[in-house]
Amino acid sequence: MEWKVFLACAAGAHHRASAVPCQDAGHYQAIEGGVIGVVCDGAGSANQGHAGAQFLAQQVCMEIARARKDERWQDGDGVAARALVLAVLQGARNQLLENALAQELSLRDFACTLVGCIATAAGGYFFHIGDGFGICRQETGQTVLSRPENGEYAEETYFVTDETWQEHLRLTPIPLLTRGAVIGLMSDGTAPFAVDRQRTGFFGPFIDPVVNFLRDASELDGNRALLGVLDDEKTLSITADDKTLLLALAG
Amino acid sequence: MSNVIPDVALIDNSDERAPLVLVLDCSGSMLDDGKVDLLNEGLKTLESELKNDPITARCGRVLVISFGGDNNVEIMGDWTDAMDFTPPKLVAGGLTPLGTAMKCALDEVEAQKVQMRGAGVSYKRPIIMLLSDGEPTDDWQDVAADCKSAEAAHKVNIMAIGIGGQANRQILGAFSAKGALNLSGLKFKELFIWLSRSIQAVSRATTGGTVQLNPVDSWAQVQT
């Protein structure tokens with residue numbers, strides 16, 4: 001099975017107007033027969049949220065790729081996979097803390113959410129802390145979601161940098177994948193138009209034209225086109241938030 | 001190859017709401033200096049400001065509670081989306097049952113939350129804005145304590161605002177941990193423009209963000 005992966009991050013009106021950098025970041029890495037992807041959303045209340053998001057997206061991707069070689073990934077019950085993801089996140093947090101202390105800052109200054117996936121034809125996992133969505137849609141339409149976790153209010157969520165991050169780490173198994181499957185990772189700014197109203201999967205009238213286009217696109221053209229969609233002025237009347245979308249297409 | 005993806009539907013599938021309750025003094029003293037007329041004008045300004053911003057028009061959800069008469073508290077219509085908000089015509093006269101009105105506001109907020117949760121609608125922290133030109137004529141102390149507790153538990157954000165020189169700012173301030181502010185002159189219009197901008201800020205607040213409201217100098221009296 002071959003994979004094509006596309007990623008775009010667009011700053012929202014909120015941050016553009018105040019000349020604040022986009023707080024979202026995404027990263028992906030090809031592995032043998034599969035893909036690893038991570039999307040992070042820096043907290044608006046953290047002054048280094050964008051730096052935290054960038055660091056963790058890249059670092060976690062890299063370390064998951066390394067940890068994947070561990071045989072325990074193959075255990076079907078998810079317990080071993082959870083332990084491996086916990087270890088990767090713990091390591092990344094430790095490094096981020098070192099960076100923070102070197103700048104006389106705290107981990108909280110780098111607060112961000114994280115939604116990631118590791119997927120091959122044999123299946124895989126979403127790993128998720130906070131809001132955003134992970135969605136896997138098979139060619140048949142069957143869908144698996146990793147939904148956002150919010151507090152009581154829509155603007156409250158959980159961060160990798162929280163003390164209680166382990167309690168909020170959620171792993172969702174991804175089943176066996178066949179050609180035509182689509183995996184999406186997105187920040188909460190993208191969800192209002194990329195997820196359906198019932199929150200059961202992708203919003204077809206949005207995702208289908210995008211996927212049809214990307215199947216025939218080069219990585220460069222596809223990423224540009226995806227950014228064009230996220231930057232479309234119609235999104236400005238939907239959300240003022242930053243918008244990130246990573247799409248992995250199994251072909 | 002073109003870099004424009006054709007036929008992509010970009011519509012909002014989310015149902016997020018930013019609830020606002022206005023608790024408005026309609027006691028007899030609001031007839032003095034045409035205060036109630038200015039308040040009615042201010043509500044019309046709020047209506048147009050809310051409707052002018054597409055995100056606020058869709059996310060804002062408004063309820064008006066008036067108090068006056070023979071210790072009457074009236075919920076003036078149902079909760080309405082900002083895009084459908086038509087301000088009620090307020091008529092002044094009678095007493096100031098402010099405590100009962102605030103109790104009613106707290107109850108309405110919690111009932112609305114239950115309804116929204118049941119419908120799978122996510123929401124921002126509700127705002128209650130209290131406007132009064134006097135002091136309560138009913139029992140208010142327990143309700144004021146309940147209001148402060150509700151704020152401390154992050155259930156609601158309360159703004160208490162005094163109108164004119166007869167407003168008892170000390171009592172009004174007991175309803176919010178932030179104390180009370182006084183309206184400068186009778187700048188209802190400026191107040192409601194500010195309120196609409198605040199609802200805009202709340203509607204657009206990014207996840208995990210702290211909502212920074214605009215400065216209040218356009219309408220608040222500077223304390224000396």
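1. Basis. This is a predicted model, in which local features need pLDDT of at least 70, side-chain atom pairs count only at pLDDT 80 or more, and totals for chains, interfaces and linings use all residues. Residues are numbered from 1 along each chain as its sequence is written, while chains are lettered from A and ligands numbered from 1 in the order in which they are written.

2. Confidence. The model has an ipTM of 0.92 and a pTM of 0.79. For chain B the average pLDDT is 89, and 93% of the residues reach at least 70; pLDDT is the predictor's confidence in each residue, from 0 to 100.

3. Helices α2 and α3 of chain A. Helix α2(A), residues 49-67, packs on helix α3(A), residues 79-102, at about 140°, with the axes 9 Å apart. α2(A) is therefore oblique to α3(A) (under 35 degrees is roughly parallel, over 145 roughly antiparallel, 65 to 115 roughly perpendicular, the rest oblique). Their crossing is right-handed. The residues in contact include Phe55(A), Leu56(A) and Ile64(A) from α2(A), and Val88(A), Leu89(A) and Leu96(A) from α3(A); contact requires C-beta atoms, placed from the backbone, within 7 Å. By class, this contact has ten nonpolar, five polar and one charged residues (Ala, Val, Leu, Ile, Met, Phe, Trp, Tyr, Cys and Pro are nonpolar, Asp, Glu, Lys and Arg charged, the others, Gly among them, polar).

4. Helices α3 and α4 of chain B. The axes of α3(B), residues 98-118, and α4(B), residues 141-152, come within 9 Å and cross at roughly 30°, so the two helices are roughly parallel to each other. Here the crossing is left-handed. Gly99(B), Met102(B), Lys103(B) and Leu106(B) of α3(B) meet Val143(B), Asp146(B), Cys147(B) and Ala150(B) of α4(B). Five nonpolar, one polar and two charged residues make up this contact.

5. Contact between the chains. Chain A contributes 38 residues and chain B 27 residues. On the chain A side, the elements giving two or more residues are α5 (191-194), α6 (204-215) and α7 (219-230). That side divides into 19 nonpolar, eight polar and eleven charged residues.

6. Leu249(A). Leu249(A) lies in strand β10(A), residues 243-250. Leu249(A) is buried, with 21 other C-beta atoms within 10 Å (20 or more is buried, 12 or fewer exposed, in between partly exposed). Leaving out residues up to four places away in sequence, Leu249(A) touches Trp3(A), Lys4(A), Val182(A), Val211(A), Leu214(A) and Arg215(A). From Gly26(A), Leu249(A) is 223 residues away in sequence and 16 Å away in space, C-alpha to C-alpha.

Methods. Axes fitted to C-alpha atoms, helices over the stretch in contact; angles between N-to-C directions. Helix = DSSP H or I, 4+ residues; strand = E, 2+ residues; numbered from the N terminus. Left-handed = near helix turned anticlockwise from the far one by under 90°. Contact = placed C-beta atoms within 7 Å.
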